[in-house]
Amino acid sequence: MSSVSLERCVAFPRLRWIALGAGSAAMIVCLIGAFFSPAAFYRAYLVAYVYYLGLGLGCMAIFMLYQLTGGAWGFLARRALEAGMRTLPLMALLFAPIAWSIVTLYPWAQPNASASEVIRHKEIYLNPVFFWIRAGIYFVLWSGMVWRGSPVRSCSRDQRLSSQT
């Protein structure tokens, strides 16, 4: 048993360096792609961003459901859900490329978009400034909910549940 654990401990730092190299190579390929085709890069970035934002928001939704209903059903998943929720402030930083490329990503953000009759009726809601304000409000609210659900604030409840088992 100890030899397997020792082998894993020795191999783990090597695996980290391999993962770092693969991630760096992928980042370089993405930057090259962004240089040659920015529209395709930003569309792909938006899809990946929404996917990972959905993971963090999903963890927060399940965590809030657990907090609302109480009980011991989510006790084991609680720390994993909290870790997933804590990616949301990082997602606020990773929103910057989307905010910069709003004209490339969304047709309603282009300067001549108000010429369309459909866009003109939605101009109050569909404009870049209001988009940035809404995004800022969402991220402030989500970050506040992440802080509110931190494990430091709920240690007494965890101790109560763990003493029951």
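**Reading the labels on a predicted helical model**

Trainee: Why does Tyr 125 count as partly exposed?

Mentor: Its relative accessibility is 45%.

Trainee: Where is Tyr 125, and what is it in contact with?

Mentor: Tyr 125 sits in the loop between helix 7 (117-121) and helix 8. Leaving aside neighbours within four places in sequence, Tyr 125 touches Phe 130 and Arg 134.

Trainee: How many helices and strands does the protein have?

Mentor: There are 9 helices and 0 strands. Read from the N terminus, the elements go α-α-α-α-α-α-α-α-α.

Trainee: What makes helix 2 oblique to helix 8?

Mentor: Start with the angle: helix 2 (residues 38-69) packs on helix 8 (residues 128-148) at about 45 degrees, and their axes are 11 Å apart. That angle makes helix 2 oblique to helix 8, because under 35 degrees would be roughly parallel and 65 to 115 roughly perpendicular. As for handedness, the crossing of this pair is left-handed.

Trainee: Which residues of helix 2 and helix 8 meet?

Mentor: From helix 2 you have Tyr 49, Leu 53, Leu 57, Met 60 and Met 64; from helix 8, Phe 139, Trp 142, Met 145 and Val 146. Sorted by class, that contact has 9 nonpolar, no polar and no charged residues.

Trainee: Now helix 2 and helix 3. Why are they called oblique to each other?

Mentor: Their axes cross at roughly 135 degrees and come within 7 Å, with helix 3 covering residues 78-85. Roughly antiparallel needs an angle over 145, and roughly perpendicular stops at 115, so the rest of that range is oblique. Helix 2 and helix 3 are therefore oblique to each other. This crossing is left-handed.

Trainee: Which residues make the contact between helix 2 and helix 3, and what classes do they belong to?

Mentor: On the helix 2 side, look at Gly 56, Cys 59, Met 60, Ile 62, Phe 63, Tyr 66 and Gln 67; on the helix 3 side, at Arg 78, Leu 81, Glu 82, Gly 84 and Met 85. By class, the tally is 7 nonpolar, 3 polar and 2 charged residues.

Trainee: How do you know whether Gly 56 is buried or exposed?

Mentor: Check its relative accessible area, which is 0%. The cut-off for buried is under 20%, so Gly 56 is buried. Gly 56 lies in helix 2, and apart from neighbours within four places in sequence, it is in contact with Gly 84, Met 85, Thr 87 and Leu 88. Gly 56 and Ala 83 are 27 residues apart in sequence, yet 8.7 Å apart in space, C-alpha to C-alpha.

Trainee: What about Thr 87: why is it called partly exposed?

Mentor: Thr 87 has a relative accessible area of 31%. With buried under 20% and exposed over 50%, Thr 87 is therefore partly exposed. Thr 87 belongs to the loop between helix 3 and helix 4 (88-93). Thr 87 and Ser 143 are 56 residues apart in sequence and 9.4 Å apart in space, C-alpha to C-alpha.

Trainee: And for the whole protein, what percentage of residues counts as buried?

Mentor: Of its 165 residues, 26% count as buried. The protein exposes about 11700 Å², with 73% of that supplied by carbon and sulfur atoms. Among contacts between residues at least 6 apart in sequence, 68% join residues at least 24 apart.

Methods:
Residues numbered from 1 in each chain as written. Predicted model: local features only at pLDDT ≥ 70, side-chain atom pairs only at ≥ 80, totals over all residues. Heavy atoms only, no water. Axes fitted to C-alpha atoms, helices over the stretch in contact; angles between N-to-C directions. Helix = DSSP H or I, 4+ residues; strand = E, 2+ residues; numbered from the N terminus. Left-handed = near helix turned anticlockwise from the far one by under 90°. Contact = heavy atoms within 4.5 Å. Nonpolar A, V, L, I, M, F, W, Y, C, P; charged D, E, K, R; others polar. Buried < 20%, exposed > 50% of the residue type's maximum accessible area, 1.4 Å probe, protein only. Areas by Shrake-Rupley, 256 points an atom, 1.4 Å probe, with all protein chains shown as cover.
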